[in-house]
Amino acid sequence: MPLTTKGKFVIFALRLSSVLLAVFLTSCNRVREDAHARHVAARVKVEFLHAWHNYERYAWGHDALRPLSKTPHDWYGQSLLMTPVDALDTLILMKLDSEAGETKALIVKDLSFDRDIYVKNFEVTIRLLGGLLSSYQLTGDQRLLRLAEILGNRLLPAFNSPTGLPYVYVNLLTGQARDPVTNPAETGTLLLEFGTLSKLTGRHEFYDKAKRALVETYKRRSPLGLVGRSINVETGTWTETDSHVSGGIDSYYEYLWKCWLLFGDEECRDMWNASIPVINKYLADVTHGELWYGHADMYTGVRTETSYGALDAFFPALLALSGDLQRARRLQASSVKMWNLQGVEPEILDYKTMRVIAGAYHLRPEIVESTYYLYHFTSDGQYRRTGEKLFNDFVKYCRTDGGYAALADVTTKQQRDEMESFALAETFKYFYLLFAPPRTLDFDKIVFNTEAHPLRRTW
Ligand code: DMJ
């Protein structure tokens with residue numbers, strides 16, 4: 001029997017009210033979830049301050065705090081203020097104004113690169129150059145940019161090899177470079193920082209040298225399209241042909257995509273577009289229905305190791321950022337499984353046997369970074385719930401009287417006397433951003449360098 005106009009109206013009204021009810025309930029849920037998230041963000045801040053105040057108390061002015069012995073540590077015997085420079089933008093984002101002010105004052109007063117020491121080009125670039133540049137962009141303080149430029153000048157001789165690939169170490173005073181055997185992460189994770197410095201100072205040599213190093217690495221990929229574990233910068237030949245997305249290669253891929261995002265460099269985009277299908281073909285490994293990324297020989301594509309670890313856990317973030325949410329979600333589930341095996345992730349796991357191969361936990365950020373990216377791209381509440389669980393475990397096992405300590409072994413949870421600056425630059429920052437209001441940092445306007453320093457395209 002056909003419906004009367006009144007009947008149609010009643011059905012329409014019922015449908016509309018159920019839609020409105022659903023919208024209302026969803027928004028109530030969202031409000032509740034957001035209120036809880038603010039509460040977790042506040043806890044993260046308190047814990048960050050616990051680590052920071054211990055650094056201030058026991059290691060102020062030094063590179064790092066040793067949290068169990070409560071003693072300072074300098075990487076090269078003299079301080080380059082690794083922790084203050086690396087942590088400054090976290091202090092700023094958390095609106096810890098007085099701590100941020102004191103730290104900036106310390107950096108401006110004491111940071112000097114006039115030192116006869118050999119430093120690791122890669123580490124100093126991602127932590128110090130990246131940290132100075134992002135803090136400059138957040139504060140507008142020209143003195144930070146000036147320090148970044150001085151540092152950039154001092155690092156440039158590292159690129160003076162026959163291939164343009166940088167040496168591992170460079171002497172800040174003499175410009176001498178040493179150690180020719182390096183890896184794609186160390187040759188290819190420099191362009192976001194040197195490129196930003198170039199754009200901000202108008203000096204193209206910074207961009208050109210770091211770009212050349214990235215391209216020279218890419219050019220040496222195998223006929224399959226993979227890069228290897230180590231390479232000699234003088235001969236340009238691979239010294240180890242194992243291929244993976246783990247430490248030593250990881251951020252080379254990250255910068256291919258991110259340099260496209262930050263600089264609009266089409267060559268970087270093309271190198272990424274040529275690389276990612278190869279990674280997915282030879283390194284991705286589906287085991288028991290789970291997605292992992294293992295190792296393969298760069299020339300034959302034959303699987304060499306079924307290992308995955310804390311460092312690999314950055315890859316879901318990169319997959320998500322480059323638009324592959326499906327693989328990102330699946331791989332993130334594997335990372336979380338790895339974490340939950342012992343309640344904290346190990347450095348390396350065999351994902352076929354689920355045996356821990358290297359059991360330390362260095363307070364690494366990668367799994368948190370990926371959780372944050374996935375939440376950003378999906379708004380799926382499961383990622384905040386995962387993040388809260390990770391944070392609770394992190395506090396439970398790594399908090400100590402004197403700050404936050406790495407674990408010597410995730411099975412026994414025995415702590416070790418180490419609090420790397422990236423714990424403050426990255427791990428706490430990503431935890432905080434996962435729960436903080438989105439206005440804390442406009443994700444779409446920045447690109448994080450591999451040390452979680454947000455860089456903005458202001459040029
Ligand atoms: C950081 O220094 C950087 O994230 C780097 O790209 C890899 N390892 C550490 C943190 O685990």
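**View 1. Helix 4 gives the most to the lining of the largest pocket, with four residues.** This is a predicted model, where local features need pLDDT of at least 70, side-chain atom pairs count only at pLDDT 80 or more, and totals for chains, interfaces and linings use all residues. Residues are numbered from 1 along each chain as its sequence is written, and side-chain values use heavy atoms, with hydrogens and water left out. Helices here are DSSP runs of H or I with at least four residues, strands are E runs of at least two, and both are numbered from the N terminus. A pocket is an open set of points on a 1 Å grid over the protein atoms alone where a 1.4 Å probe fits, with protein on both sides within 12 Å along at least five of seven lines; lining residues have an atom within 4 Å of a point. Helix 4 spans 121-139, and helix 9 (250-263) is among the others that supply at least two lining residues.

**View 2. The second largest pocket holds about 320 Å³ of space.** Of its 18 lining residues, Tyr375, His376, Arg384, Ala436 and Pro438 come closest to the centre.

**View 3. Strands 10 and 11 make a hairpin with two residues between them.** The strands, 284-287 and 290-293, run antiparallel over four bridges (pairing takes at least two DSSP bridges). Valine 286 sits opposite leucine 291. In the turn, histidine 288 has a positive phi of about 50°.

**View 4. Strand 11 is covered on both faces.** Glu290 and Trp292 on one side, and Leu291 and Tyr293 on the other, are all buried (under 20% relative accessible area, 1.4 Å probe, protein chains only).

Conventions: Grid points are joined across faces, edges and corners, and a volume is the space filled by probe spheres set on the points. Buried means under 20% relative accessible area, exposed over 50%, partly exposed in between (1.4 Å probe, protein chains only).
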